[in-house]
Amino acid sequence: MTAQQPDYPRGSAPARLPLHSPRCMGCGPDNPAGLRMRAFRDGDEVNADVVFDEHHVGAPGLAHGGAVAAACDDLLGFALFVAETAAVTRSLSIEYLAPVPLHETHRITARIQAQDARRLNIAATGAGPDGTVRFTAEAVFIVVSLQHFLRHGDPDGVWRLLDRLTDGNADEALRTAAELPEHPQPGTEEGGWSS
Ligand SMILES: CCCCCCCCCCCCCC(=O)SCCNC(=O)CCNC(=O)[C@H](O)C(C)(C)COP(=O)(O)OP(=O)(O)OC[C@H]1O[C@@H](n2cnc3c(N)ncnc32)[C@H](O)[C@@H]1OP(=O)(O)O
């Protein structure tokens, strides 16, 4: 059985956020073992529903703690659309408050708590179908420029992501990024998605 996340089932017209990549373990629809989360922005919050399945088992019938952490990390990454900056997880702390059964829908909601220079503190809660919070997450993300992803990752994949984020203007964005330092100062021109 494969995880297939529901369309946004509650609330009023939040905006769907773009995938990190089609095979992203958190939000990629083309990753058969992934979590297939669909992330939405609702004001200053982002949220996604996740249903853990047989790909994500820890104890029989329950989600693996690492899968829960992965879901949180991915959604915390979507909060960067609120901050309008690229950043990567430096530390991630999960509180497992209650078991997380497979095949139940969990709503994860994340919000930026603070930003200090390159540090972003981002927090999330994960609630079961009855609204009870079963896990929480706190993370420090560090702002990086596009150079971080170009230098350490797959430049073609970065280009495709950028192309989606810039409505087909990735060439210009990458040309500009090539001239930027890897570690930007937030609030400067090179600190944002368009850099
Ligand atoms: C097209 C765009 C692509 C976008 C793709 C998005 C995909 C998203 C996918 C989403 C998936 C989900 C997301 C993922 O899974 S992201 C994937 C998992 N994360 C990573 O791979 C990150 C790997 N780590 C690094 O690359 C470096 O360590 C980074 C870049 C993070 C920092 O190395 P760098 O050498 O640059 O910096 P620094 O070490 O001098 O530190 C910098 C500053 O930070 C402060 N500091 C450090 N640690 C902490 C801490 N724990 N609490 C508080 N503060 C801390 C530190 O004091 C300093 O402050 P200051 O002294 O400057 O004031």
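How many nonpolar, polar and charged residues does the shell around the ligand have?

## The ligand shell

By class, this shell has 11 nonpolar, 5 polar and 5 charged residues, where Ala, Val, Leu, Ile, Met, Phe, Trp, Tyr, Cys and Pro count as nonpolar, Asp, Glu, Lys and Arg as charged, and the others, Gly among them, as polar. The model is predicted, and local features need pLDDT of at least 70, side-chain atom pairs count only at pLDDT 80 or more, while totals for chains, interfaces and linings use all residues. Residues are numbered from 1 along each chain as its sequence is written, and side-chain values use heavy atoms, with hydrogens and water left out.

In total, 21 residues surround the ligand, the closest being D73, R90, R118, R119 and I142; a residue is counted as near a molecule if one of its heavy atoms lies within 4 Å of it. Because domain 1 (15–139) and domain 2 (146–189) both give residues to this shell, the ligand lies between them, the domain bounds coming from an automatic or database domain assignment.

## Elements and contacts around the ligand

At least two shell residues come from each of α1 (65–78), β4 (87–96), β7 (133–143), α3 (146–152) and α4 (155–165), and β4 supplies the largest share, 4 residues. Helices (H or I, at least four residues) and strands (E, at least two) are DSSP runs, numbered from the N terminus.

An oxygen atom of the ligand lies 2.8 Å from a polar side-chain atom of R118, and a ligand oxygen is also 3.1 Å from an N or O atom in the side chain of R119. A nitrogen atom of the ligand is 3.0 Å from a backbone N or O atom of T89. On its own the ligand has 1300 Å² of accessible area, of which the protein covers 61%, as computed by the Shrake-Rupley method with a 1.4 Å probe.

## The sheet

The 7 strands form an open sheet in the order β1-β2-β3-β5-β6-β7-β4, with antiparallel pairing; two strands pair if DSSP finds at least two bridges between them. β1 (15–16) and β4 stand at the edges with a single partner strand each, so one side of each is left without a neighbour in the sheet.

Strand β6 (residues 119–127) pairs with β7 in the antiparallel sense over 9 bridges, and the bridge partner of G126 in β7 is F135.

## Around α4

Just after α4, D167 takes a positive phi of about 50 degrees.

Definitions and conventions:
A polar contact is a pair of N or O atoms within 3.5 Å; within protein, one must be able to donate a hydrogen and the other to accept it, and residues adjacent in sequence count only if both atoms are side-chain atoms.
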